[in-house]
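Hello,

Here is the structure I promised to pass on to you. Have a look at it first, and then read on for my notes on what turned up.

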Amino acid sequence: GDPLYVKVNKLTSTKTQLPFSYYSLPYCQPERIVDNAENLGEVLRGDRIENSPYEFKMREPRMCNIVCRKVLDKKTAKAFKEKIDDEYRVNMILDNLPLVVPVRRFDQENGAVYQHGFHVGLKGRYAGSKEEKQFINNHLTFTVKYHKDPHADSARIVGFEVKPFSVKHEYKGEWSEKTRLTTCDPQAKRAVTSSESPQEVEETREIIFTYDVEFQESDVKWAYRWDTYLLMADDQIHWFSIVNSLMTVLFLSGMVAMIMLRTLYRDISKYNQLETQEEAQEETGWKLVHGDVFRAPANSDLLCVYVGTGVQFFGMILVTMIFALLGFLSPSNRGGLMTAMLLLWVFMGLFAGYSSVRLYKLFKGTEWKKITLKTAFMFPATIFSIFFVLNALIWGQKSSGAVPFGTMIALVLLWFGISVPLVFIGSHIGIQKPTIQDPVKTSKIPRQIPEQAWYMNPTFSILIGGILPFGAVFIELFFILTSIWLHQFYYIFGFLFIVFVILIVTCAEITIVLCYFQLCSEDYRWWWRSYLTSGSSALYLFLYAAFYFFTKLDITKPVSGVLYFGYMLIVSYSFFVLTGTIGFYACFRFTRLIYSSVKIE
């Protein structure tokens with residue numbers, strides 16, 4: 001007998017990717033609409049959760065409850081028609097559970113797939129007519145599943161399902177508050193079971209909104225009520241992709257081990273036996289460039305900034321994944337993932353400042369405050385400006401996905417108020433530390449670089465380097481894209497973590513292998529090349545996103561297309577910074593290791 005209040009969330013569509021608030025359509029409204037308090041992540045995702053006129057009592061079934069009667073005018077009819085054409089779905093929430101429509105799957109006996117929210121309406125033709133009409137789903141049959149507490153008489157809600165129908169309701173006489181419908185009458189036990197005479201959306205038509213509620217006892221315990229939503233049918237694919245990626249990793253590790261043991265061991269012992277000067281002059285290979293290998297690269301400032309940003313990103317992703325693995329970021333906590341990532345990004349500014357200044361000191365730089373400012377502003381400003389343009393576009397469409405002005409200011413405050421000071425604190429700690437010592441001295445005059453073979457061309461080897469790290473993650477990427485753009489839940493953080501580890505190893509190893517070949521052909525400009533080698537996987541990621549757009553999504557509106565590519569650009573840019581930094585640090589370690597093990601006269 002406790003009251004249950006259904007809340008309404010945004011209207012969503014996979015066709016347009018633009019969410020709208022529920023009351024942007026002329027649905028029945030409660031006496032006053034109350035916005036429910038939300039966290040930062042929810043606002044950024046465009047969730048707008050409000051109260052609704054749908055209220056019922058626990059375990060008291062109702063039939064044919066009339067919510068309200070609306071008569072359409074030109075404007076409201078047009079609003080409904082547009083949303084039906086764009087296949088919008090209505091999302092509701094009861095006791096923090098999203099509303100789902102069970103859809104039968106024929107390939108499984110008892111299997112049902114759950115779709116989030118019900119369609120605003122459907123399109124169809126009357127028999128014998130050519131013209132396509134829009135029909136609205138105005139009758140909802142809710143099913144509330146509950147789990148009874150064996151010891152007390154109380155029960156908890158474990159499921160919230162709906163079957164929507166389109167019904168042209170009829171009644172006798174004039175409309176008043178007490179009118180009884182002839183099409184759906186609890187006393188005469190007439191219930192709505194199909195959409196046989198559907199309610200058309202046209203001007204001057206009246207629509208009567210009704211609903212039924214039935215309660216079903218369920219065996220699902222309250223603690224496991226999210227399992228049906230998060231059930232992933234494709235476990236095999238994930239294992240397949242992981243085994244596939246592990247093969248790549250094994251192959252690369254074998255190569256790295258071979259280089260390390262065979263070649264280097266041989267080289268080092270040979271170099272160290274060369275007592276006489278004459279023999280040393282005939283040597284070739286990576287030993288020859290020892291005087292130049294730690295020479296600061298061109299644009300070394302920019303490299304420091306990018307490495308710092310990459311460390312910040314790496315920290316954010318790593319901690320977010322660990323939290324997700326421990327189950328802190330379940331989808332039942334709407335917007336939790338988004339909020340966590342933002343806050344972590346801000347706090348990781350400490351490491352960004354530290355690592356960029358440490359590297360800058362190695363390059364004998366003196367203006368560390370300039371580097372710190374660049375680290376604090378360059379990457380976030382780029383992303384923020386792309387985000388701002390996209391947001392303006394969403395605003396122009398009057399969508400609820402637009403981030404309100406207040407939230408924008410909150411984001412800027414987070415960035416200027418917490419992130420920037422932390423970057424400065426980090427760089428201050430970095431400046432206090434002693435400079436990293438190079439294992440070999442750098443000569444005064446740069447050595448000439450011999451003519452390189454075609455396959456050692458920088459562009460070629462950089463593009464080759466990006467293929468393997470992308471190959472290691474792309475199957476998982478498919479699922480992440482699907483969960484973002486097709487509005488499904490993504491909750492396989494265990495798999496994701498394994499894939500992330502594989503990504504780190506692949507990036508590190510491919511960079512080391514290519515870096516070794518490069519030093520062997522006496523080309524010592526490895527600083528930028530090591531960053532770009534693994535970073536180029538972001539280019540493949542963006543191309544894959546484009547492929548996904550044209551093959552899997554049926555987005556037709558230009559605004560939605562721009563949104564998709566804008567967001568994917570942000571993702572690819574972040575991926576570039578992340579993978580590039582991993583590759584750079586691997587190569588940095590590797591060169592220091594091999595050059596510290598040879599005796600230099």
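This is a predicted model: local features need pLDDT of at least 70, side-chain atom pairs count only at pLDDT 80 or more; totals for chains, interfaces and linings use all residues.

Residues are numbered from 1 along each chain as its sequence is written, and side-chain values use heavy atoms, with hydrogens and water left out.

Buried stands for under 20% relative accessible area, exposed for over 50%, and partly exposed for anything in between (1.4 Å probe, protein chains only). At least three residues come from each of domain 2 (233-264 + 462-533 + 576-600) and domain 3 (300-437).

Next, how do α12 and α15 lie relative to each other? The axes of helix α12 (residues 493-520) and α15 come within 8 Å and cross at roughly 50 degrees. The axes are lines fitted to C-alpha atoms, for helices over the stretch in contact, and angles run from 0 to 180 degrees between N-to-C directions. The two helices are therefore oblique to each other; angles under 35 degrees count as roughly parallel, over 145 as roughly antiparallel, 65 to 115 as roughly perpendicular and the rest as oblique. Among the residues that make the contact are Phe500, Leu503 and Leu519 of α12, and Phe575, Leu578 and Tyr595 of α15.

Now the whole chain. The protein chain has 15 helices and 13 strands; helices (H or I, at least four residues) and strands (E, at least two) are DSSP runs, numbered from the N terminus. Of its 601 residues, 50% count as buried, and the C-alpha trace spans about 115 × 60 × 50 Å along its principal axes. The domain assignment (bounds from an automatic or database assignment) gives domain 1 (3-230) as well as domains 2 and 3. The centres of domain 1 and domain 3, taken over C-alpha atoms, are separated by 41 Å. The contact takes 21 residues from domain 1 and 22 residues from domain 3.

Finally, a few single residues to look up. Valine 346 lies in helix α7 (residues 336-347) and counts as buried, at 4% relative accessibility. Leaving aside neighbours within four places in sequence, valine 346 is in contact with Leu414, Ile418, Ser419 and Leu422. Glutamine 17 has a positive phi of about 65 degrees although it is not a glycine; this residue sits in the loop between β1 (3-12) and α1 (40-45) and is buried, at 11% relative accessibility. Aspartate 95 has a positive phi of about 50 degrees, and is not a glycine either. Aspartate 95 is found in the loop between β4 (89-94) and β5 (97-98) and is partly exposed, with a relative accessible area of 38%.

Happy exploring!

Definitions and conventions: Contact means heavy atoms within 4.5 Å.
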